[in-house]
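Subject: A structure to look through

Hello,

Please open it first and then read on.

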Amino acid sequence: MATAPASSMRSLDRALDVLGVLEGTRQPLRLSEVARRADLHVATTQRILNVLVERGYAAKEDSGYVAGPAAVATAHAFLVNNRLSQVALPILQELAATTGLTASLFVRVAFSRVLIARVQGRNPLRYQLPIGEKLPLTLGAGKALAAWLPEPELRAFIDRFTPFTRISGEQITADALARDLGRVRDDGYALSVSERVLDVIAVSAPIRHGEETLGALSVSGPHSELAEDDRPRIINEVRRAAGAVAARCP
């Protein structure tokens, strides 16, 4: 089988880098800003954007470039065909009912996590988190995914994203994050309080299939709704649900 020329692979990498920039922004970006974030020459970025716009994966507005409607179709195809989300949905519904908290399913994409399914609890969170939202691995359910990264990748991840500050104001160093992820790996779950959103508590567990981490299940809600003496029950429910999803996945 013939292999693609190196120049073709580089072009594909650059196009995906530009698309990744558009996916990760909440507002239109000028050409120069897209080029800067993708670490590409402006002329190269312009050529790539022209193709993406033509194919519908980018759109040009008066104030700049945004992701295009074709990205929605791609996401829909993933959700319809993805076995993990299909298996997890009834389990998420049960988890939200038994805990009263909002249940979510995340998968890892590089050094981020993406929400692919969500079931609201009895009292919906005050903020909306749409399907497809990309969030960091350093916080909340992200830690249930990051903790099982292979050692070289884990080290690179920690070095790249530390130090950082949680929404609570707590500053996290590389050593602190490494210890936190070590606890998650040892305990099999992550407990997060006011890490990404103030006064929100979350319990997350990885969906492990053999040596592979397929995703992470998480429940979250206002801190006042999860009494400290009820945490062991919630932790057990989340870990049980994650195990049930893993058992039903091929």
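A residue is called buried here if its relative accessible area is under 20%, exposed if that area is over 50%, and partly exposed in between, with a 1.4 Å probe and protein chains only. At 18% relative accessibility, Ser112 therefore counts as buried.

Some ground rules before more detail. This is a predicted model, in which local features need pLDDT of at least 70 and side-chain atom pairs count only at pLDDT 80 or more, while totals for chains, interfaces and linings use all residues. Residues are numbered from 1 along each chain as its sequence is written, and side-chain values use heavy atoms, with hydrogens and water left out.

**The chain as a whole**

The chain has nine helices and 10 strands; these are DSSP runs numbered from the N terminus, helices being H or I with at least four residues and strands being E with at least two. Its radius of gyration is 20 Å, close to the 18 Å that the globule rule gives for 250 residues, so the chain is as compact as a globular protein of that length. That radius is taken over C-alpha atoms, and the globule rule is 2.2 Å times the number of residues to the power 0.38. The C-alpha trace spans about 60 × 45 × 40 Å along its principal axes. Of the 250 residues, 46% are buried. Taking contacts (heavy atoms within 4.5 Å) between residues at least 6 apart in sequence, 53% join residues at least 24 apart.

Six strands form an open sheet in the order 5-4-3-10-9-8, with antiparallel pairing; two strands pair if DSSP finds at least two bridges between them. Strand 5 (134-136) and strand 8 (190-193) are the edge strands, each pairing on one side only. On average, neighbouring strands of this sheet are turned by 35° against each other, direction ignored; the axes are lines fitted to C-alpha atoms, for helices over the stretch in contact, and angles run from 0 to 180 degrees between N-to-C directions.

Strand 9 (residues 200-209) and strand 10 (residues 212-222) run antiparallel and are joined by 10 bridges. One to look up is the bridge from Ala205 to Leu217 in strand 10.

Back to Ser112, which lies in strand 4. Leaving aside neighbours within four places in sequence, Ser112 is in contact with Val107, Lys134, Leu135 and Leu137.

**The aromatic rings**

Rings of Phe, Tyr and Trp (its six-membered ring) pair if their centres lie within 6.5 Å; planes under 30 degrees apart count as stacked, over 60 as edge-to-face and the rest as tilted. This gives three aromatic pairs. In one, the ring centres of Phe111 and Phe157 are 5.4 Å apart with the planes at 50°, so the pair is tilted. Phe111 sits in the loop between strand 3 (102-109) and strand 4 (112-119) and Phe157 in helix 7 (residues 151-161), so this pair ties together parts that are 46 residues apart in sequence.

Phe111 also forms an edge-to-face pair with Phe161, at 5.8 Å centre to centre and 90° between the planes. Phe161 is in helix 7 too, 50 residues from Phe111. Phe111 has 16% relative accessibility and so counts as buried, whereas Phe161, at 29%, counts as partly exposed. Ring pairs link Phe111, Phe157 and Phe161 into a cluster.

Finally, Arg113 lies over the face of Phe106, 4.7 Å from the ring centre, and Lys60 over the face of Tyr65, at 5.5 Å. A charge sits over a ring if NZ of Lys or CZ of Arg is within 6 Å of the ring centre and within 35 degrees of the ring normal.

Best wishes
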